[in-house]
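Please read this briefing alongside the sequence and the coordinates.

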Amino acid sequence: MPNRHGEFIWYELLTAEPEEAKAFYEPVVGWRFGEPSPDHAGYREIRTETGHAGGVLPLTQEMRDHGARPTWLGYVGVDDVDATVAKAQAAGATLLMPAWDIAGIGRIALLADPQGAPFYVMRGASEEASDAFSPDSVGHATWNELTTSDLEAAKLFYLPLFGWTLGDTMPMGEMGDYQFLEHGGRMIGAMMQRGDTRPSWNFCFRTADLERSVDDIKARGGSVTYGPAEVPGGERIVVALDPESSQFMLIAK
């Protein structure tokens with residue numbers, strides 16, 4: 001896996017209704033959902049015009065009985081999954097799914113940080129670099145945002161685990177600081193403290209036409225919870241929920 005340790009390399013939608021998710025996201029973001037894989041529990045790839053955006057994992061009743069729910073999850077590429085899991089656990093993380101190998105895909109583990117936000121770590125088997133995180137490409141992820149109940153604890157956990165560094169901060173009044181994150185000199189996202197929501201990672205995808213995407217979100221059973229609003233740099237974003245209440249963000253120039 002040529003991606004560097006600490007890079008976001010994949011995004012995964014957990015859904016109980018994969019066909020409905022396809023009908024929603026394809027027009028909203030401009031994605032193309034692949035066919036269900038018979039070898040990987042119906043897993044589907046999400047493609048863009050220029051590469052991959054991520055994948056779709058159908059939620060089974062057994063998974064739901066164990067607490068899984070519709071949501072977006074991110075994968076962080078690492079040099080050694082087992083060593084990263086051990087380091088994360090020593091720093092207070094919870095192991096949700098022990099490391100396992102998927103033939104031809106790679107080694108994966110699912111963790112929750114000390115405040116409860118889930119994320120995957122992965123060592124990919126492919127010799128091709130993942131372009132799922134590609135901030136300037138339509139259909140790809142542009143931003144990775146952590147909402148947490150303890151911002152200082154999140155910094156202490158994630159920075160040494162993945163080699164991230166702190167960028168600038170943007171004051172947000174009573175909500176405190178919006179802490180930008182960098183990796184290898186590139187901005188990758190931010191962290192913010194919120195006490196009114198479950199700690200989680202949230203992901204922003206680039207769309208070609210924000211107004212059209214907003215219209216499609218509303219027409220297809222989703223909802224816009226924030227925006228459109230201008231962000232630094234002159235672009236505009238929306239925060240939205242899909243029909244299963246999985247949160248995602250969209251951005252456009």
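A residue is called buried when its relative accessible area is under 20%, exposed when that area is over 50%, and partly exposed in between, with a 1.4 Å probe and protein chains only. This is a predicted model, in which local features need pLDDT of at least 70 and side-chain atom pairs count only at pLDDT 80 or more, whereas totals for chains, interfaces and linings use all residues. Residues are numbered from 1 along each chain as its sequence is written, and side-chain values use heavy atoms, with hydrogens and water left out. Helices (H or I, at least four residues) and strands (E, at least two) are DSSP runs, numbered from the N terminus.

**Aromatic pairs**

- Rings of Phe, Tyr and Trp (its six-membered ring) are paired if their centres lie within 6.5 Å, and the planes count as stacked when under 30 degrees apart, as edge-to-face when over 60 and as tilted for the rest.
- A search of the whole structure on this basis gives 26 aromatic pairs, among them the edge-to-face pair of Trp31 and Phe205, with 5.0 Å centre to centre and 85° between the planes.
- Trp31 lies in the loop between helix H1 (18-29) and strand E2 (32-33), while Phe205 belongs to strand E13 (residues 200-206), so the pair ties together parts that are 174 residues apart in sequence.
- Both partners are buried, Trp31 at 3% relative accessibility and Phe205 at 0%.
- The rings of Tyr158 and Trp164 form a stacked pair, because their centres are 5.6 Å apart and their planes stand at 10°; Tyr158 is buried at 1% relative accessibility, and Trp164 is buried at 3%.

**Nonpolar cores**

- A nonpolar core is a set of buried Ala, Val, Leu, Ile, Met, Phe, Trp, Tyr and Cys residues joined through side-chain atoms within 4.5 Å.
- The largest such core has 63 residues, and those with the most contacts inside it are Tyr25, Trp72, Tyr158, Trp164, Trp201, Phe205 and Phe248.
- Helix H4 (residues 151-162) supplies the largest share of this core, namely seven residues.
- A second, separate core of ten residues includes Trp143, Phe180, Ile237 and Val239.
- Contact means heavy atoms within 4.5 Å, and, when residues up to four places away in sequence are not counted, the residues that Phe205 touches include Tyr11, Val29, Trp72, His140 and Phe248.

**Helix H5 and its surroundings**

- Within helix H5 (residues 210-219), the residues Leu210, Ser213, Val214, Asp216 and Ile217 are buried.
- Seen down the helix axis, the buried residues of H5 fall within an arc of 165° (the arc of the directions from the axis to the C-beta atoms), so they line one face of the helix.
- Asp215, Lys218 and Ala219 are exposed on the face of H5 turned away from its buried side, whereas the cover over the buried residues includes H1, strand E14 (223-230), strand E15 (236-241) and strand E16 (247-252).
- At the start of H5, a side-chain oxygen of Asp209 comes to within 3.2 Å of the backbone nitrogen of Glu211, and just after the helix Gly221 takes a positive phi of about 95°.

**His183**

- His183 is located in strand E11 (residues 177-183), and it is buried at 7% relative accessibility.
- The His183 side chain reaches the backbone oxygen of His5 at 2.7 Å.
- With neighbours within four places in sequence left aside, His183 is in contact with residues including Arg4, His5, Glu7, Phe162, Trp164 and Ile188.

**Salt bridges**

- A salt bridge is a side-chain nitrogen of Lys or Arg within 4 Å of a carboxyl oxygen of Asp or Glu, and a search of the whole structure finds 13 of them.
- Glu7 and Arg4 are joined by a salt bridge of 3.0 Å, N to O, in which Glu7 is buried at 14% relative accessible area and Arg4 is partly exposed at 42%.
- Glu152 forms a salt bridge with Lys155, with the closest N and O atoms 3.0 Å apart; both residues lie in helix H4, three residues apart, about one turn of the helix.
- In that pair Glu152 is partly exposed at 48%, while Lys155 is buried at 15%.
- Glu235 and Arg206 meet in a salt bridge of 2.7 Å, N to O, and the pair links distant parts of the chain, with Glu235 in the loop between E14 and E15 and Arg206 in strand E13, 29 residues apart.
- Glu235 is buried at 17%, and Arg206 is buried at 6%.
- A network of salt bridges links Asp82, Asp101 and Arg107.

Notes: A polar contact is a pair of N or O atoms within 3.5 Å; within protein, one must be able to donate a hydrogen and the other to accept it, and residues adjacent in sequence count only if both atoms are side-chain atoms.
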